[in-house]
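User: I'd like to go through this model with you and check what stands behind each label. Could you take me through it?

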Amino acid sequence: MQELGQWLKKTRVETGMTLAEMEEKTKIRQRYLEAIEAGDMKSLPEPVYTLGFLRSYARQINVDENQVAQYYKDWQTSQKTSADSEAEIKLQNPSGKEKKQVKPQEKEKKERQVKPAHPIYSYTETRDRRFRKGFGWVIIVIVVIAAVAALYMLGKNSGKGGDTPSDNPAQQQQPANQAPQIPEEPTDGQPIDDTPTIDEPTTENPMTYTGVNLIITAETGDCWLGITVDGKYSQETLAKGMVKEVTGDQLVKIRYGNPGAVKVVFNGETMESFGDDRSAKTVEYSAP
């Protein structure tokens, strides 16, 4: 997450916004903002709050908050799967003797497979090689199109003595825009402290909500959701382990198909569990 934090910090600095101004606009305490920019996930609160922090931060600097949130979710998945893959796996034969151990090559293969699916801010060798290959094809296509256009215009104007395509700026092919890259070091001259810090536990809600913010997690099983946000209805099925964020201005109404399988956080407060209840329920959530 350090690459993401550095990129967010650089973008904030370029907009001319200080941490104090960011704290005032997002209602997020400055120590959490510093932890985000340093990629220090251990100093941040629970993932549901951290996800909200990242979305709020991205909105203030005009960055796609959905793309930032997806990167954080992919990073969470990679951390969980990587921890599971580090445990030694042994297979026992019927006699009770050790039969097989996981080979180092298989372990490395699993570790490669658990990397985030959307490394939008990664500087890995694979991403750079894929980018260069794709950009090379774009250049080739542009050159071919420009050559065809030049031949066409040359043939068209050969008997008229007019300007060649290369003399007419309006007919020249413009190069493709190169995707912006994230610098490896911040530009505001402040070093990044990667040393983890331990905050005292707190139970207060670190964010202030003006509307309705719901974070629904399918913890023990799948759950169908019928969602009505300020009068607009939609539906989807939340698979086990998935997280759904729902926001509205005034009123959000949720129809839970399997309420006992989900955990609900409403405006930063964890709601009382439905228990083992599997019968469909409808709950309304109003803005404060």
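User: Which residues touch the most other members of the largest nonpolar core?

Analyst: Met 1, Leu 8, Leu 44, Phe 53 and Tyr 72 do, in a core of 30 residues. A nonpolar core is a set of buried Ala, Val, Leu, Ile, Met, Phe, Trp, Tyr and Cys residues joined through side-chain atoms within 4.5 Å. The elements giving two or more residues to this core are helices H1 (2-15), H2 (19-26), H3 (30-38), H4 and H5 (65-85). H4 supplies the largest share, seven residues.

Do keep in mind that this is a predicted model, where local features need pLDDT of at least 70 and side-chain atom pairs pLDDT 80 or more, while totals for chains, interfaces and linings use all residues. Numbering runs from 1 along each chain as its sequence is written, and side-chain values use heavy atoms, without hydrogens or water.

User: What makes H4 a helix, and which residues does H4 span?

Analyst: Helices are DSSP runs of H or I with at least four residues, numbered from the N terminus. H4 covers residues 47-60, and Arg 55 is found there.

User: Why is Arg 55 called buried?

Analyst: Buried means under 20% relative accessible area, exposed over 50%, and partly exposed in between, using a 1.4 Å probe and protein chains only. Arg 55 has 10% relative accessibility, so Arg 55 counts as buried.

User: What joins the side chains of Arg 55 and Glu 245?

Analyst: A polar contact of 2.5 Å. The term requires a pair of N or O atoms within 3.5 Å; within protein, one must be able to donate a hydrogen and the other to accept it, and residues adjacent in sequence count only if both atoms are side-chain atoms. Leaving aside residues up to four places away in sequence, Arg 55 touches Glu 65, Asn 66, Ala 69, Lys 73 and Glu 245, where contact means heavy atoms within 4.5 Å.

User: How do you know that the buried residues of H2 lie on the same side?

Analyst: Those residues are Leu 19, Met 22 and Thr 26. They cover an arc of only 55 degrees around the axis, which puts them on the same side of H2; the arc is that of the directions from the helix axis to the C-beta atoms. Their cover includes H1, H3 and H4.

User: Which exposed residues sit on the face turned away from the buried side of H2?

Analyst: Glu 24 and Lys 25. Just after H2, Lys 27 takes a positive phi of about 65 degrees.
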